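I opened this notebook page to record what I looked up, entry by entry. The sequence and the coordinates are placed below for reference.

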Amino acid sequence: METTRFKVNDKPVELQIDPQTPLLWVLREQLGLTGTKFGCGMALCGACTVHVDGTAVRSCVTPVKAVAGRQVRTIEGLSTDRSHPIQRAWLQVQVPQCGYCQPGQMMSAAALLSVNSNPSDSDIDDAMAGNLCRCGTYARIRKAIHMAAEMARSEK
Amino acid sequence: MIQPCRLSLLICLGAMILALVLAGVSCSPFALATIQENSLGKDAQSLQAFRAVASVLTSPRCLNCHTSTDGPLQGDDNHPHAMNVKRGLDGKGSAALRCRACHQTENAKFLHGPPGAADWQLPPPNTPMAWKGLTIGEICRAVKDPAKNGNRSLPDLIPHMETSLVRWAWNPGPGRTVPPLSHEEFVSRLKEWIETGAACPE
C-alpha cells in the first residue's frame, strides 16, 4: 500500500492503495463514481474512458500510480449541470440505446472537441474508433459530435 | 661508349634483382594475402555486423512501428493495429486516440493486454523511418541517412537503441516474440558496424 494523491473532477483525493490498482477500480469502488463503466478490462472497448490532464485514457489499464499528482475527469465531471456541448448534443440527438458505452463515448468525443473544434467525419472516425457500441449508435454519435462542435463554436 | 652502357645495364639489372629478392622476403605470397584480406575483411566484417543488426531491425517488435502505413502494426504477423489507430501529427496517435490512451509506461500483466514503455510512439510522419518492405541494403542506407533517420549521425544511433522504448522489444510481455539477438549483442554489433565503416549490402 502507498499513499497516492491526485484530483478527480477538481477535488483532491488521497488514498492508501496498491499503486498497481486500475484507476477504474478506484473510481468506482473507492470513490463511488460509477458513471465510468467496466467493459472489457483490456483497453479494447473504450467504455472506461476518462480524461487524465485532458487526454482520453482507458482507466481499466491505467494503474492508479500513473495519475499521481494529476487531474482525472470522469463523466460526472464533464459539467455539473449537463451544460457541456457534448451532453446537450447527446440529449438532443438521443444518441444512447442501452447506454452502457455512452460515458466512454462522450469522454472520447469531449477529448476530440478539446483539440479540434470542427472535426471532419474522418477526424471523428480516427478519434472514436476505439469506442465500441454493440447497439450500433455510431451514426447518431457522429451526428451529435458535429452538433456539439457547432454549439461550442457558436458560443465562443 | 658501349662498355659504360653495358656497365649501367648490368648495374640496373642487379638493382632490380636485389629489389625483387628483398620484396620476396617482405612480401611473401602469405603476406600479400594477409594485406588483401585485411582491406577486404574490414568491409566484410562491417557487412556481417549489419546483417546481425538487421536481424533485429526486421523483427516484428521493430517493424510494427517502423512502417510506412498510416498507423502501427500489431503481432508477429504485422497485421494492422486494431481500432484504426493512426500515427497522428507527432507519431503519438490521433488527436483524441493517443497511444497513451492504452499504452502505459509498462506492459499490462495479462495476455494480449496493451504493451507499454516510456514514450510509446511511432516515428513522426515527416520522418517515418519506415523499414517494412525494404531490402536489408535499403534499410542500411536509410538508417545511415540523416534525412531518413531523424537527423541522427551514426554515433547518435546508439543512444536511440538504449531508450526504454527500444529496450521494450526484449521485454514485450506475454505472447510476443523477442528479437533474435540479445540487446547487449545488438548494440555491440551496431557499434562494430559503425566502427568498421558502416558498410551497406547492395
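The entries that follow cover confidence, the disulfide and helix packing.

**Entry 1. Confidence.** I noted at the outset that this is a predicted model. I recorded its overall scores as ipTM 0.91 and pTM 0.83.

I then asked where in chain B confidence is lowest and where it is highest. The lowest value belongs to helix α1 (residues 2–26) of chain B, at a mean of 49. The highest belongs to helix α7 (residues 183–195) of chain B, at 97. I also marked residues 18–37 of chain B, over which the pLDDT is below 50. Beyond near neighbours in sequence, that stretch has 5 contacts in the model. Where pLDDT is low, the predicted coordinates should not be read in detail.

**Entry 2. Disulfide.** I asked how many disulfides the structure holds over all chains. The count is 1. The partners are B:Cys140 and B:Cys200, whose sulfur atoms lie 2.0 Å apart. About the S-S bond I read -80°, and the link of B:Cys140 and B:Cys200 is left-handed.

I next placed both partners in the chain. B:Cys140 sits in helix α4 (residues 136–144) of chain B and B:Cys200 in the segment after α7 of chain B, so the pair ties together parts that are 60 residues apart in sequence. A disulfide is a covalent bond between the sulfur atoms of two cysteines.

**Entry 3. α2 and α3 of chain A.** I turned to helix α2 (residues 85–93) of chain A and helix α3 (residues 102–115) of chain A, which pack at an angle of about 130° with their axes 9 Å apart. α2(A) and α3(A) are therefore oblique to each other. I noted their crossing as right-handed.

From α2(A), the residues in contact are A:Ile86, A:Gln87 and A:Trp90. They meet A:Gln102, A:Gln105, A:Met106, A:Ala109, A:Ala110 and A:Leu113 of α3(A).

**Entry 4. α3 and α5 of chain A.** I found that the axes of α3(A) and α5(A) come within 11 Å and cross at roughly 40°. These two helices, α3(A) and α5(A), are therefore oblique to each other. The crossing of α3(A) and α5(A) is right-handed.

On the α3(A) side I listed A:Gln102, A:Gln105, A:Ala109, A:Leu112 and A:Leu113. On the α5(A) side I listed A:Ile141, A:Ile145, A:Ala148 and A:Ala149. The contact of α3(A) with α5(A) comprises 7 nonpolar, 2 polar and no charged residues.

**Entry 5. α4 and α5 of chain A.** I checked helix α4 (residues 121–128) of chain A against helix α5 (residues 138–154) of chain A; their axes come within 11 Å and cross at roughly 115°. This crossing of α4(A) and α5(A) is right-handed.

Which residues make the contact of α4(A) with α5(A)? I listed A:Asp121, A:Ile124, A:Asp125 and A:Met128 from α4(A), and A:Ile141, A:Arg142, A:Ile145 and A:His146 from α5(A). I recorded their classes as 4 nonpolar, 1 polar and 3 charged.

Definitions and conventions: Residues numbered from 1 in each chain as written. Chains lettered and ligands numbered in written order. Predicted model: local features only at pLDDT ≥ 70, side-chain atom pairs only at ≥ 80, totals over all residues. Heavy atoms only, no water. Axes fitted to C-alpha atoms, helices over the stretch in contact; angles between N-to-C directions. Helix = DSSP H or I, 4+ residues; strand = E, 2+ residues; numbered from the N terminus. Parallel < 35°, antiparallel > 145°, perpendicular 65-115°, else oblique. Left-handed = near helix turned anticlockwise from the far one by under 90°. Contact = heavy atoms within 4.5 Å. pLDDT = per-residue confidence, 0-100. Disulfide = S-S within 2.5 Å. Nonpolar A, V, L, I, M, F, W, Y, C, P; charged D, E, K, R; others polar.
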